Amino acid sequence: MSRILTEVLAANAAYAKSFGAKANLQIQPARRFAVLTCMDARIDPAKLAGLAEGDAHVIRNAGGRASDDAIRSLVISHKLLGTLEWFVIHHTDCGMGMFTDDTMRALLAGSLEAAAFGRDGWRNTGKGPGSTEGDFIDWLTFKDAAEAVLTDIRRIRSHPLVPAGIPIYGYVYDVRSGRLEEVRGAKALGGVARRSGRAATKGGRSSAGRAAAAKRSAPAATEKTGAAKRAAASGKKAGAAKKAKPAAASAKKSGAKPRGKAA
Ligand SMILES: [Zn+2]
C-alpha cells in the first residue's frame, strides 16, 4: 500500500470512530447555500466559510469555473436539494493563471507525464507519447481572478436553468491572508433579477428555509456533535433557531461580507 493510501485510511478510521450524530444529517444542506470554488489545496472551504458537515454544497474544479458541469451541480443543488444562495470564490495565485490553452495542449501532445515549471515556463520532463485530445478541451484558464469571478457570475446568472431569485456572491480568497475579498461589481451582477415573483421568493426563503435549517440543527445540538458544539459556541445556529435571523451571524463567522440587503 502506498504511504498516502495508508495515511488516508488511518485518518478515515479515526474520523469514523467519532462520527456520532453526523449519522443523522439530512441530504439537503442545512444552511441552504452552495459554494463554487477552485480545487487549490490551500483552500479549505469548510474552514474559510465556517462549514460543518451537512451545512452546504461545495462544488470544486480547477479554477472554480462556471463550467457546464459546475452549472449542472448548481442546478441540482437548488432544484433538488434546496440551496437558495450561491458563492463563486476564486483566489489569488491561482494555477489557472499560469498557462494557456495552447500551453496545455502542447504539453499534453508531447507527454502525459507531469510537467515542470521553470524560468522559461512549463516544459515536459517525462517521456512520450502524448495525446492531442487536449485540443478538444477548453481548459478555462484566466489571467485575472476577479475578472474570472465576474465572467462566471455572468454565465451562471444568465443561464436558462438558473432561477432569477438566487443571489450569486463573488469573492476572491487571498491565499496569503485567508480573507475573502468581495469582487467589485459582483453584487450588481449576481443580485437577484427584478421580477414580479421576487418578493414571494424572498419571503419563502427567509421563513421556510431558515426554519428548516434551524429545525435540522436542533437535534444535533442536543447530541453534541462537533458542529453543534461549534455552533453553540458561536451562537450561530442557536441564533438561527431563536431569531430566524442567521444571515448576519453566519456571514460574520465566515468572514464574508454580509449579502446585499438580505439578498
Ligand atoms: Zn486555483
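The following paragraphs describe the fold, the packing and the confidence of a predicted model.

Residues are numbered from 1 along each chain as its sequence is written. Because the model is predicted, local features need pLDDT of at least 70 and side-chain atom pairs count only at pLDDT 80 or more, while totals for chains, interfaces and linings use all residues. The mean pLDDT (the predictor's confidence in each residue, from 0 to 100) of the chain is 83, and 73% of its residues reach 70 or more. Over residues 196-263 pLDDT stays under 50. In that stretch the model has 85 contacts beyond four places in sequence, a contact being a pair of residues whose C-beta atoms, placed from the backbone, lie within 7 Å. Where pLDDT is low, the predicted coordinates should not be read in detail.

The chain contains 10 helices and 7 strands; these are DSSP runs numbered from the N terminus, with helices (H or I) of at least four residues and strands (E) of at least two. Of its 263 residues, 32% are buried. A residue counts as buried if 20 or more other C-beta atoms lie within 10 Å of its own, as exposed if 12 or fewer do, and as partly exposed in between, with C-beta atoms placed from the backbone. When contacts between residues at least 6 apart in sequence are considered, 64% join residues at least 24 apart.

Five strands form an open sheet with mixed pairing, in the order β2-β1-β3-β6-β7; two strands pair if DSSP finds at least two bridges between them. The edges are taken by β2 (57-61) and β7 (180-182), and each has a single partner strand, so one side of each is left without a neighbour in the sheet. On average, neighbouring strands of this sheet are turned by 25° against each other, direction ignored. Strand β6 (residues 168-173) pairs with β7 over 3 bridges in the antiparallel sense, and Y173 stands opposite L180 in β7.

Helix α3 (residues 68-79) packs on the sheet, where α3 touches β1 (33-38), β2 and β3 (85-91). The direction of α3 makes about 175° with that of β2; axes are lines fitted to C-alpha atoms, for helices over the stretch in contact, and angles run from 0 to 180 degrees between N-to-C directions. Helix α5 (residues 145-157) lies across β3 and β6 and runs at about 160° to β6. From its first C-alpha to its last, the 13-residue α5 reaches 18 Å, close to the 18 Å expected at 1.5 Å a residue, where the expected span is 1.5 Å times one less than the number of residues. The buried residues of α5 are A145, A148, V149, L150, D152, I153 and I156, and they pack against α3, β3, β6 and α6 (186-190).

The largest nonpolar core has 39 residues, and V35, L36, F87 and V149 have the most contacts inside it. Such a core is a set of buried Ala, Val, Leu, Ile, Met, Phe, Trp, Tyr and Cys residues joined through C-beta atoms within 7 Å. Two or more residues of this core come from each of β1, β2, α3, β3, α5 and β6, and α5 gives the largest share, 6 residues. Leaving aside neighbours within four places in sequence, the contacts of L36 are I59, G64, A66, A70, L74, W86, F87 and V88.

Two further residues are worth a visit. I71, found in helix α3, is partly exposed, with 18 other C-beta atoms within 10 Å. Beyond four places in sequence, I71 is in contact with A66, I156 and H159. L140 lies in the loop between β5 and α5, and with 18 C-beta neighbours inside 10 Å it counts as partly exposed. L140 touches G63, R65 and S67, not counting residues up to four places away in sequence. The C-alpha atoms of L140 and A66 are separated by 9.1 Å, although these residues are 74 apart along the chain.

Two other elements complete the description. Strands β4 (residues 115-118) and β5 (residues 121-124) run antiparallel and are joined by 4 bridges, forming a hairpin with 2 residues between them. In this pair, A115 stands opposite N124 in β5. Helix α1 (residues 3-17) is hardly covered, as the count of buried residues among its 15 residues is 0.

Technical notes: Two residues are in contact if their C-beta atoms, placed from the backbone, lie within 7 Å.
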